[in-house]
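Have a look at the structure first, then join us for the highlights.

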Protein chains: 2
Amino acid sequence: MPPSPIRKLVPFAEEAKKKGRKVYHLNIGQPDIKTPEVALEAIRNFDEKVVEYSHSAGKESYRKGLANYYQNIGIDVDFNDIIVTTGGSEALIFAMMTALNPGDEIIIPEPFYTNYNSFSVFSDIKIVPITSKIENDFALPSLSEFENKITDRTKAILVCNPSNPTGSLYSKDELEKLKEIAIKNDLYLISDEVYREFVYDGNTHTSVMQLEGIEEHAILIDSTSKRYSECGTRMGCLVSKNKEIMASALKFAQARLSPPLFGQIAGEASLRTPPTYFTEVYDEYIARRNFVVTELNKIEGVYAPMPKGAFYTIISLPIDDAEHFCQWILEDFSYKNQTVMLAPAAGFYATPGLGKNEVRIAYVLKVEDLKNAVKVIEEALKVYKVES
Amino acid sequence: MPPSPIRKLVPFAEEAKKKGRKVYHLNIGQPDIKTPEVALEAIRNFDEKVVEYSHSAGKESYRKGLANYYQNIGIDVDFNDIIVTTGGSEALIFAMMTALNPGDEIIIPEPFYTNYNSFSVFSDIKIVPITSKIENDFALPSLSEFENKITDRTKAILVCNPSNPTGSLYSKDELEKLKEIAIKNDLYLISDEVYREFVYDGNTHTSVMQLEGIEEHAILIDSTSKRYSECGTRMGCLVSKNKEIMASALKFAQARLSPPLFGQIAGEASLRTPPTYFTEVYDEYIARRNFVVTELNKIEGVYAPMPKGAFYTIISLPIDDAEHFCQWILEDFSYKNQTVMLAPAAGFYATPGLGKNEVRIAYVLKVEDLKNAVKVIEEALKVYKVES
């Protein structure tokens with residue numbers, strides 16, 4: 001696997017810090033939001049004497065709790081339709097390894113979450129990208145574009161909804177059309193919905209599991225990392241009503257014995273998080289999003305689409321080479337002894353040459369910090385343009 | 001992946017329990033030993049506000065602690081030579097995926113840990129077994145046998161030392177010879193040493209990392225699961241001085257973001273486990289081993305080699321088909337309303353037809369329970385022989 005453009009920047013960020021500079025990290029999805037107290041309390045109250053393996057599919061009580069969570073948001077699943085995984089990452093690997101054979105193709109709208117590339121290397125499958133464009137605010141490409149990409153090796157379509165890295169949200173209508181393609185061509189429709197709770201402006205989220213008649217084709221990828229700001233627990237799950245997929249995924253789950261016990265305890269307790277927690281988190285992200293998008297769009301030559309979900313947006317800059325800019329800003333630029341770390345968007349595209357003037361922004365910092373970070377970008381662009 | 005012979009027995013064990021029978025589980029490696037109090041205490045004292053991702057290679061403080069643990073047992077490694085993994089399972093997957101390419105071959109003495117098969121499916125590599133025999137107490141096969149198996153696709157040899165499932169322990173001499181083969185044929189020597197602390201009768205354990213001149217070829221697989229009886233934490237690590245292997249493994253580690261945080265906290269605290277803990281555990285296992293092996297060998301037609309390490313032994317029974325016997329004993333037999341679950345050994349062999357009259361015994365139960373379990377086996381064999 002080639003090193004991602006973000007990884008290459010890490011030493012430059014470290015250097016900048018050594019120089020005493022404040023580095024605002026707009027590059028990562030590690031929220032600063034507190035983990036729900038109920039989850040931390042459950043960990044502190046652990047009173048077993050032996051930290052034993054759990055069931056390979058996850059503790060039954062946790063799976064039943066998850067089924068109840070899904071039922072409450074209109075997703076009709078039973079605990080047997082759920083396999084608890086070590087993060088959404090493992091759920092994605094299990095999904096790819098069970099739904100596709102080595103050499104098979106999976107269609108994914110780009111830009112997409114970079115690690116999909118790594119998981120495809122794990123699974124020895126081929127990603128076929130289909131480009132969504134910043135000028136359309138990264139809307140889902142037309143269905144004919146999907147159909148054009150289907151070959152006899154195509155086995156699945158994977159969408160991230162709402163999307164990391166673009167913040168796009170796919171409507172029920174769009175999902176219905178993907179459903180039609182999936183059924184017509186006998187493909188799996190894998191939906192990564194780990195940002196489900198982060199949907200703004202009164203939009204509603206449609207899960208792949210809510211589409212009727214697609215039960216045998218639908219695979220849901222989930223994670224508690226962002227929902228409860230507990231990334232470190234490494235708790236995810238794979239959900240499907242397709243018995244064959246579940247039986248095959250269970251074998252992979254059995255091979256690695258069990259998901260982490262403490263993460264399951266935290267995850268199960270998190271299901272009791274009071275609704276006020278989400279209101280506060282929601283208000284915080286709305287404020288951050290509104291601020292950062294508005295302010296970025298005020299900078300000459302910058303275009304930032306308004307994301308409908310998640311906590312990312314991909315923006316275009318008045319530059320030619322974002323990788324160079326991102327390194328330069330860390331290495332050679334500072335404004336009032338501050339700089340920023342951005343993620344060059346090229347790393348989120350599979351098609352070479354795309355996204356060269358784009359960067360991904362994660363608005364996971366306080367508004368006050370975002371204000372400083374945006375100012376750094378504005379000042380940097382003034383100098384960078386002159387220099388280059 | 002085909003279902004393992006043990007999995008197939010699970011419903012029969014459940015049925016037996018429903019009939020009110022006590023089932024002694026000699027089939028699994030879940031010890032009943034208590035997790036060290038220092039580990040549980042560290043979990044109960046968790047006082048961070050956000051459960052964040054850690055470094056993809058594991059928390060630096062934990063890796064430094066691990067390096068110190070290795071130094072203390074005569075394994076000279078630095079924290080940069082260590083990547084913390086989600087259990088030994090993930091370390092094995094990383095090792096296979098980095099040391100071998102799809103289609104490459106790995107030589108493994110059989111019988112071996114069944115999940116090596118699953119991990120080879122993950123990695124799309126081919127396991128080439130080399131048979132060790134119960135009549136030699138599962139000693140390492142001769143080196144000429146290894147050399148006979150080497151082709152131009154062979155990239156690694158994997159040993160489990162001490163061995164699950166046989167309890168064999170490889171001597172320094174044997175390892176030196178494996179080292180010669182590895183160097184001569186430019187192979188990786190992967191050593192799964194998760195049972196390192198379980199070595200009996202005054203024998204000493206030799207790690208692959210202690211062999212001189214093999215630094216570029218040696219990969220150590222480790223786990224805290226058995227050492228501290230904390231299987232549920234899912235904490236393992238991959239250790240190597242080969243920079244290329246480590247760089248490649250790190251990319252896989254980055255793709256899944258980070259190992260579980262709570263497991264790392266428990267693992268780091270476990271490094272402070274007082275020596276008395278191990279003395280007690282050791283005495284307990286010695287007593288169990290001595291009891292179960294002695295008693296099993298008293299049964300007519302049974303041969304149980306004396307294991308030198310780990311907490312397993314593979315024994316031969318006076319029967320033709322252990323899979324049938326293991327199912328029968330759960331389904332149709334009971335002695336004083338008790339029965340046993342055993343692991344048919346065929347599942348640990350890659351060569352079809354081997355191990356048909358063998359079962360693996362995990363001596364992870366109290367002596368009192370082992371006594372009852374052995375009695376059940378003795379009585380069952382009397383009836384089974386008559387019936388069949």
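A charge counts as sitting over a ring if NZ of Lys or CZ of Arg is within 6 Å of the ring centre and within 35 degrees of the ring normal. By that rule, K64(B) lies over the face of F79(B), 4.9 Å from the ring centre. Please keep in mind that this is a predicted model.

**Charges over rings**

- In chain A, K64(A) is placed over the face of F79(A), and here the distance to the ring centre is 4.8 Å.

**How the chains are related**

- Chain A can be superposed on chain B by a rotation of 180° with 0.0 Å of shift along its axis, giving an RMSD of 0.0 Å.
- This is the relation of a two-fold axis.
- Within chain A, R44(A) has the C-alpha nearest the axis, at 2.0 Å from it.
- The copies meet through the same surface, because 98% of the interface residues of chain A are also interface residues in chain B.

**Aromatic pairs**

- Over all chains, the structure contains 41 aromatic pairs.
- One of them joins F46(A) and F262(A) in an edge-to-face arrangement, with 5.0 Å centre to centre and 75° between the planes.
- This pair links distant parts of the chain, its two residues being 216 residues apart. F46(A) belongs to the loop between helix 2 (37-44) and helix 3 (60-72) of chain A, while F262(A) is in helix 9 (residues 261-270) of chain A.
- Elsewhere, ring pairs connect Y195(A), F198(A), Y285(A), F311(A), Y312(A) and Y363(A) into a cluster.

**Helix 10 of chain A**

- Helix 10 of chain A covers residues 275-298, which makes 24 residues.
- From its first C-alpha to its last, helix 10 of chain A reaches 35 Å, close to the 34 Å expected at 1.5 Å a residue.
- Among the buried residues of helix 10 of chain A are Y277(A), R288(A), R289(A) and F291(A).
- Y285(A) is also one of the buried residues of this helix, and Y285(A) takes part in the ring cluster described above.

**The nonpolar core**

- Which residues touch the most other members of the largest nonpolar core? Y116(A) and Y116(B) do, in a core of 69 residues.
- Leaving aside neighbours within four places in sequence, Y116(B) is in contact with L92(B), M96(B), I108(B), I127(B), L158(B), C160(B) and D192(B).

Notes
Residues numbered from 1 in each chain as written. Chains lettered and ligands numbered in written order. Predicted model: local features only at pLDDT ≥ 70, side-chain atom pairs only at ≥ 80, totals over all residues. Heavy atoms only, no water. Least-squares fit on C-alpha atoms with pLDDT ≥ 70 in both. Contact = heavy atoms within 4.5 Å. Helix = DSSP H or I, 4+ residues; strand = E, 2+ residues; numbered from the N terminus. Expected span 1.5 Å × (residues − 1). Buried < 20%, exposed > 50% of the residue type's maximum accessible area, 1.4 Å probe, protein only. Phe/Tyr/Trp six-rings, centres within 6.5 Å; stacked < 30°, edge-to-face > 60°. Core = buried A, V, L, I, M, F, W, Y, C linked by side-chain atoms within 4.5 Å.
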